[in-house]
Amino acid sequence: MSTTGATADPLAALGSLPGVADSVESVRKAVDRVYGHRIMRRRSNTVTGEAALRGSRGSAALSGADWALEEVRRRSDFSGDDEARVMGAALRLTAEAGQLLSIWRQSPLRVLARLHLVAAASSGDEVGRPRREGEPVDEPLIELPLPSAAEVNGRLEGLSELIIAGSSAPALVTSAVVHGELLALRPFTSHNGLVARAAERIVLIGSGLDPKSVCPAEVGHAELGRAAYLAALEGYVSGTPEGMAAWIAHCGKAIELGARESTAVCEALQRGAA
């Protein structure tokens with residue numbers, strides 16, 4: 001996303017793209033339905049925990065570890081192979097995201113570095129910092145052209161400035177831009193998809209749209225499928241109004257599906273089945 005333009009609030013400007021207002025309204029209604037459920041008054045912590053697990057599973061699925069929910073629930077060791085390590089990274093990131101809310105608005109780059117450190121779980125020199133020129137990126141599921149290290153640094157700084165300055169843009173718009181920008185840049189040598197979706201979660205929680213983190217967008221992204229995810233991302237990368245609006249709408253639909261998942265969890269809890 002270009003952060004140089006005539007408007008002082010480019011995020012808010014995206015909210016006026018065709019169809020975006022409808023997506024924002026649809027997301028708000030979906031989120032309100034979850035928060036209005038009677039179970040949320042008594043067992044919101046249970047719903048939050050279940051949403052975290054399902055969100056982690058969804059994010060890992062988009063990064064190549066598409067496990068059944070019960071397998072994730074059953075496992076205690078996530079070090080055995082590449083897929084297990086991806087799943088473990090997704091679980092760690094979901095747990096970490098809630099601890100970084102107070103830092104995000106003051107220092108988003110510090111939060112992103114921390115997320116990569118948590119995901120990679122390694123002490124290598126490349127961990128927790130933007131990649132340098134010539135360093136390879138392990139993100140095989142995203143085949144878009146890779147921006148240079150110089151472009152990555154410039155656009156990360158621009159994104160950070162937008163977050164720190166604040167915006168009147170709806171949470172859906174801000175979270176979609178953060179998510180899309182990180183996927184487009186792939187600023188780290190690994191785990192960029194997982195980090196991007198964790199950052200999306202942080203924005204949705206911190207904005208007040210989903211303060212209890214019970215509407216896991218990762219569930220929706222996985223349900224919509226990798227092909228649709230990548231097609232929508234191409235729209236974001238194109239930078240056209242139509243492409244940007246399509247990406248925001250895709251992210252909105254993912255949040256709605258996450259909300260629907262948690263509504264089903266609430267219904268199951270109410271029936272005493274979970």
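Modeller: Let's begin with names: a helix here is a DSSP run of H or I with at least four residues, numbered from the N terminus. The model is predicted, so to speak of local features we need pLDDT of at least 70, and side-chain atom pairs count only at pLDDT 80 or more, while totals for chains, interfaces and linings use all residues. Residues are numbered from 1 along each chain as its sequence is written, and side-chain values use heavy atoms, with hydrogens and water left out.

Now for the spaces. The structure holds three cavities of 30 Å³ or more. A cavity is a set of points on a 1 Å grid, over the protein atoms alone, where a 1.4 Å probe fits but cannot get out; lining residues have an atom within 4 Å of a point. Volume is the space filled by probe spheres set on the points, joined across faces, edges and corners.

The largest cavity has about 70 Å³ of space. Its lining includes Leu62, Glu139, Arg197, Arg226, Tyr229 and Leu230. Two elements give two or more residues to that lining, α10 (192–206) and α12, and α12 gives the most, with three. By class, you'll find six nonpolar, two polar and three charged residues around the largest cavity (Ala, Val, Leu, Ile, Met, Phe, Trp, Tyr, Cys and Pro are nonpolar, Asp, Glu, Lys and Arg charged, the others, Gly among them, polar).

The second largest cavity comes to about 60 Å³. Among the residues lining it are Ser59, Ala90, Thr94, Arg197, Arg201 and Glu218. Here α5 (82–97) and α10 each give two or more residues, with α10 giving the most, four. Its lining divides into four nonpolar, two polar and three charged residues.

Back to Tyr229, one of the residues lining the largest cavity. Tyr229 is buried, because its relative accessible area is 3% and buried means under 20% (1.4 Å probe, protein chains only). The model has three aromatic pairs, counted when ring centres of Phe, Tyr or Trp (its six-membered ring) lie within 6.5 Å. Tyr229 and Trp247 form one of them, with 6.0 Å between centres and 50 degrees between planes; that's tilted, as planes under 30 degrees apart are stacked and over 60 edge-to-face.

Note on methods: Buried < 20%, exposed > 50% of the residue type's maximum accessible area, 1.4 Å probe, protein only. 1 Å grid on protein atoms, 1.4 Å probe; cavity = no way out; pocket = protein on both sides within 12 Å on 5 of 7 lines; lining within 4 Å.
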